[in-house]
Amino acid sequence: MDSETTLKTPVLVLGATSLIGRHLLERLKAEDLDPFAISRRPPQVGDGGGEACWLDGDLKDPRLAEHLPAVATVFSLSPIWLLPTALPALKARGMVRLIAFSSTSRFTKVDSPDEGERSVALELAGAEKAVETWCAEHGVAWTILRPTLIYDEGRDGNVSRIARLVKRFHVMPLSGTGEGLRQPVHAADLAEGALAAAHAPATRNRAYDLVGGETVTYRVMVDRVFEGLGKRPRSLPMPVWLFALIMRLAKPFYPGATTAMGTRMGQDLTFDSGEAARDFGWAPRAFRPRFQRT
Ligand SMILES: NC(=O)c1ccc[n+]([C@@H]2O[C@H](COP(=O)([O-])OP(=O)(O)OC[C@H]3O[C@@H](n4cnc5c(N)ncnc54)[C@H](OP(=O)(O)O)[C@@H]3O)[C@@H](O)[C@H]2O)c1
């Protein structure tokens, strides 16, 4: 690995209220980098967020530059499709280095039976290309990080949603036997990884897939959630058609429920983070979530 560089300041975090944001702000503060953070709803004083100087701003605002401080390094944790139109404002305020999160969904949702998911995949891929091209043309060193499924106990909409269902129903239905492979990655590891990537010269103008420290089947992932709640695993395999029917009936109560979720439980959604390990020491934790049990 190339030797570490000093991160150029000032540092700005977009999407700082996201799952990764809290952890990244803590780490930046611990390195005395005193970040600026942007949100459409900045936290109030006494409501957390003491690790940053918060700015009230919308990335879609055509007058964004007027709301921004001088910046050098930008971490983008908001959806990457918001970035292309915001890049000129960020550059106008001094951006020379960009670390932007995208998602492995750009690959896994391309062939989804759900039209909304297919368009997310297209938007992610299009935004990545736009960011790469614009940065290359304007002298900004870019790094794109694509996590798999992100979790952060009690906060995310993936693993923590399973935990909420388990707490409520004490059983978790599976579409088929849930043999599709998953690599859940912790938000705190992604914050550490983003900072390590920003420090490592080898990451300039490259994209990385970031997976968790363990590859498990969907069923084992659910078992670990039970264990994290102090419960004996009780998943309920069922025919794919029956699970799809339940998802359709559940949609009014759980708007995020789609039949595509069931289809995916049998599919392997795996990636390789070997290049990230080589270039910036990516070494995430194994999947052993721990939840509040009350
Ligand atoms: N969740 C996952 O499992 C997952 C998996 C792979 C990749 N990712 C990627 O990882 C990153 C973090 O994911 P996440 O799920 O925690 O966050 P997210 O829901 O994708 O993004 C939420 C963040 O984006 C900000 N944001 C949204 N619209 C904005 C706008 N118009 N102007 C300014 N800020 C705006 C929000 O800020 P305010 O609401 O405070 O304004 C919030 O901080 C994202 O890039 C996401 O695509 C997520």
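Val159, Ile162, Ala163 and Val166 of helix H6 are in contact with Val222, Val225 and Phe226 of helix H8, contact meaning that C-beta atoms placed from the backbone lie within 7 Å. By class, this contact has 7 nonpolar, no polar and no charged residues; Ala, Val, Leu, Ile, Met, Phe, Trp, Tyr, Cys and Pro count as nonpolar, Asp, Glu, Lys and Arg as charged, and the others, Gly among them, as polar. The model is predicted: local features need pLDDT of at least 70 and side-chain atom pairs pLDDT 80 or more, while totals for chains, interfaces and linings use all residues. Residues are numbered from 1 along each chain as its sequence is written.

**Helix packing**

- Helix H8 (residues 218–228) is largely enclosed by the rest of the structure, because 8 of its 11 residues are buried, that is, have 20 or more other C-beta atoms within 10 Å of their own.
- Tyr218, Arg219, Met221, Val222, Arg224, Val225, Phe226 and Gly228 are the buried residues.
- Just after H8, Gly230 has a positive phi of about 75°.

**Ligand shell**
- The ligand is surrounded by 24 residues, the closest being Ser18, Ser39, Arg40, Ser78 and Ser103, where near means a C-beta atom, placed from the backbone, within 6 Å.
- This shell has 12 nonpolar, 8 polar and 4 charged residues.

How values were computed. A residue is buried if 20 or more other C-beta atoms lie within 10 Å of its own, exposed if 12 or fewer, and partly exposed in between; C-beta atoms are placed from the backbone. Helices (H or I, at least four residues) and strands (E, at least two) are DSSP runs, numbered from the N terminus. Two residues are in contact if their C-beta atoms, placed from the backbone, lie within 7 Å.
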